Amino acid sequence: MNYRELSRKELVREYTKQWNRYLKYEEQDLSLDLSRGKPGKEQLALSMKMMDTLTSRSVLDSENGMDCRNYGGLDGIPEAKSLLGEMLGVHPENVLVCGNSSLTVMFDILSHAMLDGLLGSKPWSRVENRKFLCPVPGYDRHFAMTEHFGFTLIPVAMKEDGPDMDQVRRLVEADPTVKGIWCVPKYQNPTGVVFSKQVIQEFADLRPAAGDFRIFWDNAYCVHGLYPDDDAPLPDLLHACTLAGHPDMVYEFCSTSKMAFPGAGISAVAASPANLIDLRKVWAFATIGPDKLNQLRQVRYFKSMAGVKAHMARHASLMRPKFEKVIRVLEEELAGSGVAQWTTPRGGYFLSFDTMPGCAARVVELCARAGVKFTPAGSTWPYGHDPQDTNIRIAPSYAPISEVETATRLLAVCTKLAALEKLAAQYCVTVPSLAGAQTA
Ligand code: PLP
């Protein structure tokens, strides 16, 4: 049923039907949460043996004979550099393995750029009207980080194969105060989009007006395919930038957070030799070295890239049914309605859902009233403000599958109600339950 083609009478009838469905959900006293991308309990259980990898009887030396119980080794241990380098598709020499969180590494690099400047450039804190590009919809924590550092955040449209590169080129090549862009190249948060080879090459071919422009290439979901057979590696941007003559333009990031225990994994940054020398110099003031025992634990557990793939296939077998459930329910409820669209990711942790313009906040509010929490509308945009009020991020990983189904069905009902309210207002129709719905 296309909601945009309903007669006034049909509209009122459909609203009443959906409102009665909504009331039934309200009666259930639900308390469900599809708001944050955390692994579910069964996923955490997959990695429990990691806890047994190191014991008091283990040899605690790294491959190169370093005693991991002691200080030192700013770069991380060689076997961790190899494994995380392979995940990113770069040479181990281009990798520093760091602490538990890749977001912290991004924050530290931004702090360094703000305070000291990158490779001899003017510190960003002294650049008036500094700007950062934010593909939208995107990751709220990225946007918040650059907002914190005083950047003006510029939204860039996401297309089906990555950010709108015409827009990116126009902004980056004209304006020296554009200092960086956030990218999640594989299974982007929240659309699930995988950047195409062409987009990656266009990134490498950028000719930024700012000599210290940087691409923050957050490959958080590099091994998180839902369908492991189609999980082809992406061309590596660091390599492409090197071939294009500007190897310093990118920092790549990843971590093992969503492979084992979030917040208790290891992270990595990959960059050009010059950028790594720069980072080592400043980080030597911050630490005598990372937690090498955790690096050892992680590498001994995963063993190799083949081990990573086998482990991630087990994650995929738990995640895939949840994603497929969300998509099936949305199709059953909303296909052909003309008031919603959604992505169908092949990996990652999220789906992106768009309501009719002006409805997303109302949908999230209605869901919350019935006991189901979604990420606040607007949070996938800079400053938490979605100018069209359309986008909602769906995070199905944490909830059990039965709850994923209930929450998605409620989302669909609320999407219909919000759309019908808007359409009713446009047609100057009074919807019977509308007053109660909005004031309760
Ligand atoms: N980057 C992206 C795109 C994410 O979605 C997340 C978590 O949701 C992170 C980074 C967090 O990574 P870490 O735990 O390594 O800080």
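Q: How many aromatic pairs does the structure hold, and how do I read one?
A: First, a word on what you are looking at: this is a predicted model, in which local features need pLDDT of at least 70 and side-chain atom pairs count only at pLDDT 80 or more, while totals for chains, interfaces and linings use all residues. Residues are numbered from 1 along each chain as its sequence is written, and side-chain values use heavy atoms, with hydrogens and water left out. Now to the rings: those of Phe, Tyr and Trp (its six-membered ring) pair if their centres lie within 6.5 Å, and planes under 30 degrees apart count as stacked, over 60 as edge-to-face and the rest as tilted. The structure holds 18 aromatic pairs. Take Y15 and W19: their ring centres are 6.3 Å apart and their planes meet at 10 degrees, so this pair is stacked.

Q: Where in the chain do Y15 and W19 lie?
A: Helices (H or I, at least four residues) and strands (E, at least two) are DSSP runs, numbered from the N terminus. Both Y15 and W19 belong to helix α1, residues 8–27. They are 4 residues apart, which is about one turn of the helix.

Q: What does E26 form a salt bridge with?
A: A salt bridge is a side-chain nitrogen of Lys or Arg within 4 Å of a carboxyl oxygen of Asp or Glu. A search of the whole structure finds 17 of them. E26 pairs in this way with R369, with 3.3 Å between the closest N and O atoms. E26 lies in helix α1 and R369 in helix α12 (residues 360–369), so the pair ties together parts that are 343 residues apart in sequence.

Q: Which domains does the assignment give?
A: Domain bounds come from an automatic or database domain assignment. Here, domain 1 covers 3–44 + 310–433, and domain 2 covers 62–302. Their C-alpha centres lie 32 Å apart. Contact means heavy atoms within 4.5 Å, and 29 residues from domain 1 and 33 residues from domain 2 take part in it.

Q: What is the area buried between domain 1 and domain 2?
A: Buried area is the accessible area (1.4 Å probe) that two parts lose on being put together, summed over both. For these domains the value is about 2700 Å², with carbon and sulfur atoms giving 62%. On the domain 1 side, M312, R346 and Y383 supply 24% of the area buried against domain 2, more than any other three residues.

Q: How many residue pairs are in polar contact across the interface of domain 1 and domain 2?
A: A polar contact is a pair of N or O atoms within 3.5 Å; within protein, one must be able to donate a hydrogen and the other to accept it, and residues adjacent in sequence count only if both atoms are side-chain atoms. Across this interface the rule finds 13 such residue pairs, both residues at pLDDT 80 or more. Helix α11 (305–334) and strands β11 (351–355) and β13 (391–394) each supply at least two residues of the domain 1 side. Of that side, α11 gives the most, with 9 residues. The interface also has 1 salt bridge.

Q: What does K325 touch?
A: K325 lies in helix α11. Not counting residues up to four places away in sequence, K325 touches I401, V404 and E405. K325 and I401 are 76 residues apart in sequence, yet 7.7 Å apart in space, C-alpha to C-alpha. With E405, the K325 side chain makes a polar contact of 3.4 Å.
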